[in-house]
Amino acid sequence: MEIEKKCVSLSFLGGAGTVTGSKTLVQINGKRILIDCGLFQGIKELRKMNWNDFPIDPASIDAVILTHAHLDHCGYLPLLVKKGFTGSIHCTWPTMNLTEIILKDSAKIQEEDAERANKHGYSKHEKTLALYEVKDVEACLPLLIGHNLDEWVILNEFMKFTFLNSGHILGGAFVNLYVNNESILFTGDIGRKDPMLLYPPKHIKEADYIVMESTYGDRNHEKSEDVKNEFLEVLNETIKNKGTLMIPSFAVERTQEIIYLIYRLKQENKFPKIDVFLDSPMGINATKVFHQYHSWQKISSKEINEMYQEIIFISDISQSKALVADTKSKIVIAGSGMIEGGRILHHLNKHIENPNDTLLFVGFQGEGTRGRSIVEGDSEIKFFGQFRKVLCNIRSISSLSSHGDREEIMDWLSKFNKPPKTIFLNHGEPHQTEALRVKIQHELNWRVVIPKLQESFELNQP
Ligand SMILES: [Zn+2]
């Protein structure tokens, strides 16, 4: 895909018409910058796109800028490097640490999937290869460059940018890119109006162009007055039943939010006497990053220092097995967040058919996942090669999310002093993006464009 290089152009190489694989190319006078480098995830048709040839020569890209460390924004990096990219990868300091954790986990899953496919002969003719391996991740880590928020980074004679707090996950940032004195604001994912641990998304006064996500463009989160008390009710139910409470949780942000809720309840002397285990090597590694970056969080250093102290960390596999075998009443936080793999499966294997035990969902459950099946009331789910009856209690706190909803996004947009020339909506399913387009045009009367995958736009046209 060759583009006329005289003016500024934007090309949507991923994250258009879908919520995954975010990649937007900015070009001017032969300089090429990629904003985010995400993996396509979810259904097979999307995942297959990761195997396609990259639409331009990765060696011709000068630099990558990451908005945050989620896999759909950074997960393609090892492949980009494998295919010839050698430039710098700019990100905030916490994003740098979290990206390493998330990419290594992703590589491990790719390697295990390939190994399983080869062992069971899913592919009859050829050996199944992993999309990338841990060694590919190792090769891209030296290219990462950390930055603070609000500092100017000069990329070349035409381009400079700053990271601005997005409130989405630790280290998450908007990219405020200036190209020849015109600004293009890339939101990545936008956080909640009032995040539990992080500072709220920064209000921006103006931008010439905005490229904004639309994941929650068609809906609002369930309003909960008091997440803490909702959680306490589930805890008390577990105590009454003398059961085990299993919490499948995302390793970054949600796990730390749950630990913070536990800490707050302990501070208020409301927390029952029960042990809490974090049985997730990835969750433990991510928690260390949260422990490292106090000033990036709105909660106090005292709280950060104290909140993780009473949680029992289980990283060793033999300890994990012993924990599964232990019959005493307890709380276990484990990955993966949508029960697609990880240690939560072993706990579920032990407890799913026991009506005294409880499975608590604390995050969004994607289509086609075991988590979604259970939330939707399926009476049986399959794992470890067998169907198992869902007889334990199923609870969920659905108001927890790292994404701003439609109301919060509209509120954030309303703080701009003047309309941008164009707002591009990406990173959403078609119905979500379309709903947000209608809302923005109706309420703000802005020019909205919904780019298609691989579509390019020339900016600065006379
Ligand atoms: Zn995200």
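This is a predicted model: local features need pLDDT of at least 70, side-chain atom pairs count only at pLDDT 80 or more; totals for chains, interfaces and linings use all residues.
Residues are numbered from 1 along each chain as its sequence is written, and side-chain values use heavy atoms, with hydrogens and water left out.

**The chain**

The chain has 14 helices and 22 strands, which are DSSP runs numbered from the N terminus (helices: H or I, at least four residues; strands: E, at least two). Its radius of gyration is 22 Å, close to the 23 Å that the globule rule gives for 462 residues, so the chain is as compact as a globular protein of that length. That radius is taken over C-alpha atoms, and the rule is 2.2 Å times the number of residues to the power 0.38. Of the 462 residues, 55% count as buried (under 20% relative accessible area; exposed is over 50%, partly exposed in between; 1.4 Å probe, protein chains only).

On a 1 Å grid over the protein atoms alone, a cavity is a set of points where a 1.4 Å probe fits but cannot get out, while a pocket is an open set with protein on both sides within 12 Å along at least five of seven lines; lining residues have an atom within 4 Å of a point. Grid points are joined across faces, edges and corners, and a volume is the space filled by probe spheres set on the points.

| Space | Volume |
|---|---|
| Second largest pocket | about 600 Å³ |
| Largest cavity | about 90 Å³ |
| Second largest cavity | about 50 Å³ |

The second largest pocket is lined by 26 residues, with Arg192, Asp194, Ser224, Val227 and Ser399 nearest its centre. Helix H7 (254-267) and helix H6 (227-241) each supply at least two lining residues, and H7 gives the most, with 4.

H7 turns up again at the second largest cavity, where it also gives the most to the lining, with 4 residues. Ile259, Ile262, Tyr263, Lys266, Glu306, Met307, Glu310 and Ile311 line that cavity.

For the largest cavity, 14 residues form the lining, and Ser22, Asp36, Phe186, Gly188 and Asn426 are the closest to its centre.

**Asn356**

Asn356 sits in the loop between helix H11 (344-351) and strand E16 (358-361). Asn356 is partly exposed, at 37% relative accessible area. Beyond its neighbours within four places in sequence, Asn356 is in contact (heavy atoms within 4.5 Å) with Asn241, Gly243, Thr244 and Asn393.
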